[in-house]
Amino acid sequence: GDSVTQTEGLVTLTEGSLVVLNCTYQTTYSVSTLFWYVQYLNEAPRLLLRSSTDNKRTEHEGFHAALHKSSRSFRLQKPSAQLSDSALYYCAVETQ
């Protein structure tokens with residue numbers, strides 16, 4: 001079956017710090033889309049980034065990630081975080 005492993009979930013940040021959230025996945029399908037969701041306190045989760053293209057960087061709200069199919073990874077980064085970025089982050093995979 002499909003599975004996702006991420007090293008962090010709840011993230012509490014300090015102003016200006018580098019954020020790196022690691023996500024690896026396993027799937028038996030060749031076509032996959034990876035997602036990062038963010039959930040702020042007392043809010044529903046919302047989509048932050050998605051990608052199905054190998055080695056292509058996607059960006060949104062200062063965050064960026066690139067899907068690397070060879071290593072089955074989708075690492076989320078933000079070079080200079082804000083306190084308001086403190087939240088729960090979820091990685092997910094969709095296969096076809």
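## A tour of side-chain contacts and a pocket

Start by selecting Arg57 and Glu59: these two form a salt bridge, and their closest N and O atoms are 3.1 Å apart. Keep in mind along the way that you are looking at a predicted model. Glu59 has a relative accessible area of 57%, so this residue is exposed.

How many salt bridges does a search of the whole structure find? There are three. Side chains of opposite charge can pair when their charged atoms come close.

Next, select Arg46 and Glu61. They make a salt bridge too, with 3.3 Å between the closest N and O atoms. Now colour the strands: Arg46 sits in strand 6 (residues 46-51), while Glu61 is in the loop between strand 7 (57-60) and strand 8, so the pair ties together parts that are 15 residues apart in sequence. Both ends are partly exposed: Arg46 has 31% relative accessibility, and Glu61 has 41%.

Then move to Asp85 and Lys78, whose side chains meet in a salt bridge at 2.8 Å, N to O. Are these two residues buried or exposed? Asp85 has a relative accessible area of 5%, so it is buried. Lys78 is buried as well, with a value of 8%. The cut-off used here is that buried means under 20% relative accessible area.

Cys23 is buried, with a relative accessible area of 2%, and Cys91 counts as buried at 10%.

**Aromatic rings**

Now for the rings. The count comes to two aromatic pairs. Select Phe35 and Tyr37: the ring centres are 6.0 Å apart and the planes are at 25 degrees, so this pair is stacked. Planes under 30 degrees apart count as stacked. Phe35 is buried, with a relative accessible area of 8%, whereas Tyr37 is partly exposed at 28%.

For the other pair, select Phe63 and Tyr89. Their ring centres are 5.9 Å apart and their planes are at 50 degrees, so the pair is tilted. Phe63 is in strand 8 (residues 63-68) and Tyr89 in strand 10 (residues 87-95), so the pair ties together parts that are 26 residues apart in sequence. Phe63 and Tyr89 are both buried.

**The largest pocket**

Rolling a probe the size of a water molecule over the atoms shows where empty space is left. The largest pocket holds about 160 Å³ of space. To find it, select its lining: Asn22, Cys23, Thr24, Arg57, His64, Ala65, Ala66, His68, Ser73, Phe74, Arg75 and Gln77.

Key. Residues numbered from 1 in each chain as written. Predicted model: local features only at pLDDT ≥ 70, side-chain atom pairs only at ≥ 80, totals over all residues. Heavy atoms only, no water. Phe/Tyr/Trp six-rings, centres within 6.5 Å; stacked < 30°, edge-to-face > 60°. Buried < 20%, exposed > 50% of the residue type's maximum accessible area, 1.4 Å probe, protein only. Helix = DSSP H or I, 4+ residues; strand = E, 2+ residues; numbered from the N terminus. Salt bridge = Lys/Arg side-chain N within 4 Å of Asp/Glu carboxyl O. 1 Å grid on protein atoms, 1.4 Å probe; cavity = no way out; pocket = protein on both sides within 12 Å on 5 of 7 lines; lining within 4 Å. Points joined across faces, edges and corners; volume = space filled by probe spheres on them.
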